[in-house]
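Hi everyone, thanks for coming. Let me put the structure up on the screen, and then we can walk through a few points together.

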Amino acid sequence: MDNPFQKPHVLMLRYGLLSILAFIVVFPLVWLALASVRPQNEIFQPVSDFGWNTFIPSRFTLDNYRTLLNGDFPLAVKNSTFVALTTVLFGVVVNALAGFAFAVFDFRGKNLLFLLVIVSFMMPFEAIVLPLYVMIRAFGWANSYQALIVPEIANGMVIFLFRQFFASIPRDFYEAARVDGASWFYIFARIAMPLSWPTIATSGLMLFLAQWDSFFWPVVAASDSAYAVVQVAIARNINFEQNDWGGLFASTNLAILLGTIPFLLIQRFYVRTLISGGIK
Amino acid sequence: MSSMKIDTLRKSFGELEILRGISLDVRHGEFVALVGPSGCGKSTLLRLIAGLEAATSGHIFIDDRDVTRLPPKERDIAMVFQNYALYPHLTVRANMGFSLKLRGDAKDQINKKVEEAAGVLGLEHLLDRYPGQLSGGQRQRVATGRAIVRDPKLFLFDEPLSNLDAKLRVQMRTEIKALHQRLGSTMIYVTHDQIEAMTLADRIVVMQGGRIEQEGAPLDLYDRPANAFVGGFLGSPAMNFIKGTMSDGAVKASDGTRLPVLSEASALDGRHVLWGARPESIVPDDNGFEGTVEVVEPTGPDTQLLVRVAGDPLVVLLRKRMKVNAGDKIRLGVVGEDTHLFDAKDGMRIAL
Amino acid sequence: MISSRWTPFLFLAPALAGLLIFRLTPILVAVGGSLSGVSLMGELRYVGLENFEYLADDPEFWESLRTTLYFNLLINPIQLAVAFALALLVFRPLPGVWFYRTLLVLPMAVSTGISAVLFGLFLDGNLGPMNGFLEWIGIGAQPFHRSHDQALYTLIGIATWKGAGYWMLFLLAGLYSIPSTVYEAATIDGANGWQRFRYVTLPLMRKPMAFVLVADTAINFLFFAPVYILTSGGPSGSTSVLMFQAYRAAFTFSDIGRSLAISTVLLGIIAIIVVLEFRFMRSPEEAK
């Protein structure tokens with residue numbers, strides 16, 4: 001759609017619009033980062049004092065972050081990390097096994113079961129949070145790590161990704177190993193999995209992010225402060241915390257930063273898959 | 001029908017210069033083929049003529065009108081793309097009538113023109129289908145029909161047959177030639193296939209590295225290539241080349257083998273040259289130069305030989321059956337006027 | 001090639017068990033639970049459609065349904081339009097466009113809950129710069145999510161901030177899938193910029209846009225986090241969407257039957273939307 005006879009002011013209009021929109025999008029994040037390094041006494045920004053002071057702190061300080069260490073936040077980070085990493089560990093294995101089965105074997109009901117897999121990730125998780133909670137409570141798992149981890153291990157999207165990858169390995173690979181006498185599990189563990197490290201990395205990051213960002217389920221299933229994850233802990237504070245605004249700013253900013261790292265690592269994948277596989 | 005003139009056209013993409021000063025005159029009703037290897041700039045030239053790219057410098061005239069800075073809409077040209085570029089969501093009828101609809105023509109007018117064009121191309125029964133339901137050849141015809149309907153001053157073809165299989169390509173080639181004879185419009189046709197160029201064009205323009213190497217009637221270029229590149233580009237199997245030095249009116253190859261030159265050439269003694277001869281002009285000759293047969297390929301009506309002469313491979317195309325084996329020694333000569341001499345350094349033809 | 005008939009199922013077992021237990025069974029629990037109640041004695045009994053009857057008689061439920069529908073009626077087209085506009089701006093090659101694209105996509109890295117907290121602070125009268133800015137340019141401070149009139153729209157704004165970049169990527173994929181030669185053919189046929197947009201871009205983007213609309217709607221019907229964090233359904237119930245109602249029924253009123261009944265209603269709506277999604281994704285490409 002490139003017009004070689006394009007007038008230059010159209011181009012400038014584009015840059016202008018993009019700059020404004022990008023600014024609007026990014027500004028709250030930048031503001032938060034700056035606000036989190038303000039001294040406590042500058043936290044309040046009354047409406048009448050709008051000016052440069054609103055944005056640039058008089059001095060930069062990490063005090064707000066230091067006070068976090070004394071509160072509940074480290075526990076929340078520990079919880080989130082533990083839950084997320086455990087989910088990644090089990091999730092990658094369990095879903096890869098299933099993806100392998102769909103890619104390599106032929107069995108009755110394969111199409112139906114695969115349909116179940118696809119439907120499972122087309123239906124948003126939130127839809128079943130409440131009935132799932134009823135079930136979890138019946139198991140006696142309310143307010144526990146299991147409640148947070150186990151339901152998130154099986155993941156249709158990850159199964160799908162592994163299936164795509166394993167299906168792309170030429171059949172000869174598998175057949176040669178079979179002829180040599182390898183068991184299917186051996187082929188899976190020693191041949192297929194090592195080859196699939198990009199898929200492992202992407203899926204791992206996806207599962208990590210899903211757990212790290214998860215809010216509704218933890219709020220419902222494990223709201224006890226001993227098991228509160230970062231998302232829950234921070235959300236709590238905005239309602240109840242009346243004196244540690246600095247800590248709130250700092251913890252929110254940290255949560256964003258910690259979540260951004262895995263995101264940046266896989267955002268190329270997201271962009272590339274969405275752009276190439278897109279609506280398929 | 002139009003005349004088109006290009007004057008010292010240059011095109012660069014940033015640092016990269018694609019067209020290095022192209023000048024060309026096209027007469028009314030001519031079929032001009034732009035040929036050359038990948039990267040020679042032929043497609044870029046076509047796109048500049050179409051107005052899909054803007055020239056860096058130089059001028060383009062259509063019917064004596066300077067269109068260099070005008071968008072495609074105002075040049076009155078139509079183009080057939082390599083991948084057809086049909087509108088996937090429109091029927092064949094709507095595809096062909098799209099430009100007329102944009103122009104604001106009346107509906108029955110549009111239908112009339114579309115049906116006419118469809119008649120010429122044999123598309124009447126496909127008018128209500130979608131491109132996705134058509135075969136490659138049918139899509140190609142629809143793309144051509146879309147161009148015909150516009151009745152433009154200039155038809156531009158960008159390698160339209162490249163995506164078709166060999167057999168279909170031959171068939172469509174004939175159809176395009178018939179179309180040109182029927183419409184009599186000016187057509188500019190880009191291809192990398194020299195056979196297409198030879199069979200379709202009134203005039204061929206051979207390009208390389210952003211420059212025109214030679215242009216003229218196909219047989220003129222075939223018989224008198226202006227340089228070694230053109231000589232080797234047109235013709236299949238390609239012209240043979242052997243390096244040597246002029247001595248006593250013949251070419252002396254590296255091992256002393258004397259290759260004939262069928263004209264007075266003693267004035268050139270000592271000069272380093274490239275000797276060229278087409279495979280179909282080389283015949284067995286008891287008084288000729290010697291070589292060793294390496295490969296024999298009988299094709300049925302012809303026999304193709306690979307003969308090693310002075311260390312270089314020579315392809316010989318005999319229009320008959322011949323009993324010969326690999327390893328045999330053979331003496332060859334050249335029939336007709338068909339030896340060519342090119343300067344060894346710059347490849348330019350040495351006139352005799 | 002398989003040694004044992006059971007090998008595939010052994011491989012599948014843990015994942016399938018996970019999906020069946022934690023994705024499929026809850027649907028059954030929702031439906032079954034909505035048909036039960038807890039008696040005064042604490043025992044579970046079948047009550048038929050009683051919970052649904054209570055819902056039908058409850059003005060709060062209808063109000064919530066109305067709010068949810070209104071919310072969706074606004075947010076889905078808005079997000080689609082914004083995402084489409086962004087995709088168009090970012091689509092054509094331009095030096096440095098990758099930079100803008102990365103910035104626009106950045107909110108994807110922020111979770112829904114955190115984005116609610118972020119804006120809770122940003123829009124706060126004392127803590128955030130927004131009201132100061134509005135005062136400064138003369139519009140005056142706004143209560144945003146604290147006001148009955150503005151709360152829902154504020155939530156729409158927050159959700160759009162977070163989602164625009166994400167959906168933009170899907171639409172970009174659609175834009176990239178249109179061959180550039182089709183645009184060139186249109187140019188040669190005489191179409192100007194608007195005409196190319198209207199006759200080529202829009203028709204060929206119908207499928208991606210439909211997909212985004214449907215997928216986004218499914219997610220927005222389950223909108224919860226910002227309501228829980230910022231408004232608790234208020235002020236005066238102006239943001240009490242269905243999912244929040246279901247949550248409150250379970251956790252504030254311990255009325256599991258009611259909670260699951262609302263969940264079932266939501267599941268029904270989502271099921272219809274997912275079926276639509278399938279139709280759009282699988283529809284035979286007759287014109288490509």
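In which helix of chain A is A:Ile238 found? It is helix α13, residues 230–240 of chain A; helices here are DSSP runs of H or I with at least four residues, strands are E runs of at least two, and both are numbered from the N terminus.

A quick word on the ground rules. This is a predicted model, in which local features need pLDDT of at least 70 and side-chain atom pairs count only at pLDDT 80 or more, while totals for chains, interfaces and linings use all residues. Residues are numbered from 1 along each chain as its sequence is written, and chains are lettered from A and ligands numbered from 1 in the order in which they are written.

Back to our isoleucine. A:Ile238 counts as buried because it has 20 C-beta neighbours inside 10 Å; the cut-offs are 20 or more other C-beta atoms within 10 Å for buried, 12 or fewer for exposed, and partly exposed in between, with C-beta atoms placed from the backbone.

Who does A:Ile238 touch, beyond neighbours within four places in sequence? Its contacts (C-beta atoms, placed from the backbone, within 7 Å) are A:Leu248 in its own chain, plus C:Val117, C:Gly120 and C:Ile229 from chain C. A:Pro262 lies 24 residues away along the chain, and its C-alpha atom is 25 Å from that of A:Ile238.

Now over to chain B, with eight helices and 19 strands. Its C-alpha atoms fill a box of roughly 75 × 45 × 35 Å along the principal axes, and 41% of its 352 residues are buried.

Conventions: Contact = placed C-beta atoms within 7 Å.
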